[in-house]
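I opened the notebook to record what I looked up in this structure. The entries follow in the order I made them.

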Amino acid sequence: MKSNKWRYGFLSGVLAFSILSGCTNEEASKEKSESAVKVNKTGMPIADEKIELTGFAGKFFASQDWNKLKLWEEYAKMSNVEIDWETVQVDSLKEKRNLLLASGEYPDVLFSSALPKADLIKYGQQGVLLKLNDLIDQYAPNFKKIMEENPVVAKGITMPDGSIYGFPTIYDPEFKGLHLGTPWINKNWLEKLGLEEPQNLDDFHKVLKAFKEEDPNGNGKADEIPWSGAYGIGEAIGFIKGSFGLNNHGSANAYIDLAPGSKNLRFTPASDEYKEMLEYLHKLYKDGLIDKEIFTADPQAFTAKASDGTFGVINGLDPETIYQLKGYVGTPVLKGPKGEQMLTSMGSPLGNIGMFVITDKNKNPEATIRWIDHFYGDEGTKMFFMGFEGVTYEEKNGEFEYTENMTKNPDGLNLDQALSEYLTWPGGYYPGIVKEKYFKGAEGKPATKENALKSEPYALKQEDIWPAFNFSPEEQEELSTISTDITTYVDEMTASFISGKTSLSKWEDYVQTLKQMNLDRYMEIYESGYKNYKK
């Protein structure tokens, strides 16, 4: 999960209106159906007459019975809309979801089901999924407001034919701890060794070298690991790439940005700047400054290892919250060899855009849109993430905190496990908007806020961050085939170059292999997606 608020004034309203109205009046009337039950346009209940729907959902905890979960029981009382849930654990979600849609025996709604774009387009154009443009315009004021305030959301969920088929996960751009931040450096070690925080790549090398050689943990052993993380080399690359000007429009399109000084798309892993970055990271690795185990990182093993107190720089979330390690602060955004000093490992505010869809089986789409829209508003967000006052949370001076029964559960449950007895969000997979006020993970802790504020002056502006591009069904199918091979090869060779298994003297061979893997066609498809985005 990774913001100054966008303020487009009149322009944003025009943009949102044009997207929401991206069909003719005749088409709009076709996409809107007659509800089987009369729907109240505002307030609760959604309908005076009870509405019953069927739903399919992905869940994280096997122990949950969504048909007896307090979240859905209480919301059914409020809304007068009751859903009969069939759920499957996320490990089996893809297989079960695909079988369900292919069989034709699918329910009224799919919630937390993470439909990929290819399926949104495919089943949307087949009519299996309802087109939502007009329904959103009429019955989703909370979501519509988000789209108007954040044009990137409207662009990101709109397919090339102008249709919207799904509701997304949204990470509030104002929640800076989700979008900004750098790896964590051991401030105590810096002070013990008389070192300042590094400001550029050379400084960073010197600091890591001192961590390795000068026994900052004071145990008389050469056991310090200068730089590591629980989730592989990708996090390290994400931090360093901005120092080489890479991903200058964010990381939602992982390998695509604009070539410096031009308006042409660039495939970053074949660029001279990417090679320079690999040379720098290889030097760190060769000098023993990057954890030798980072290419085979295992989060659980890393957590156990963290307790040894041997890490100088740690990627990821606040080490005090995650590993109970104190004394870490955000590493400064580093200046690169050509003066670049950017934080570019920033995704779009959009998560998966197919987290909630309505099928053609649904006889009450207007009520269903109102049902999901509640979770994009303030009260719905609070209920979804915090739960119920006096049970899962308490309010003190306008701040919301989980109860001690959740944070120090008498049955020995961790926070996610305790909350899962009432709520569905722990473990991920949900439509809705993540706001700092109601999300109490590590991203909202004071140390993370300080890290975010420290890196913010060097961060990309929100209006310059691209969402993941959308493609036509044919393009998406072709791209999926090409990109699978290219992504696998780039990842393998990136690791091989950094570790020294493959010499960077083989760089041209690597680039030629990429071309042979149909890189030109890959870029043509991305050009098409870029044009769709700019419309």
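Does Glu197 count as buried or exposed? I looked up Glu197 and found 17% relative accessibility, which counts as buried (under 20% relative accessible area is buried, over 50% exposed, and in between partly exposed, with a 1.4 Å probe and protein chains only).

A note on the source: this is a predicted model, where local features need pLDDT of at least 70, side-chain atom pairs count only at pLDDT 80 or more, and totals for chains, interfaces and linings use all residues. Residues are numbered from 1 along each chain as its sequence is written, and side-chain values use heavy atoms, with hydrogens and water left out.

Entry on salt bridges. I took a salt bridge to be a side-chain nitrogen of Lys or Arg within 4 Å of a carboxyl oxygen of Asp or Glu. By that rule I have a count of 23 salt bridges. One of them joins Glu197 to Lys187, with the closest N and O atoms 3.2 Å apart. The pair links distant parts of the chain, 10 residues apart: Lys187 is in helix 10 (residues 187–192), and Glu197 is in the loop between helix 10 and helix 11 (201–213). Helices (H or I, at least four residues) and strands (E, at least two) are DSSP runs, numbered from the N terminus. Lys187 is partly exposed at 29% relative accessible area.

I then looked at Arg266 and Glu273, whose side chains form a salt bridge at 3.2 Å, N to O. Both Arg266 and Glu273 are buried. Lys396 and Glu394 also form a salt bridge, at 3.9 Å between the closest N and O atoms. Here Lys396 is exposed at 55%, and Glu394 is partly exposed at 36%. I also noted a network of salt bridges that links Lys50, Glu52 and Glu82.

I found 4 strands in an open sheet, in the order 2-1-3-11, with mixed pairing (two strands pair if DSSP finds at least two bridges between them). Strand 2 (81–89) and strand 11 (356–358) stand at the edges with a single partner strand each, so one side of each has no neighbour in the sheet. Strand 1 (residues 51–59) and strand 2 run parallel and are joined by 9 bridges. Lys59 stands opposite Gln89 in strand 2.
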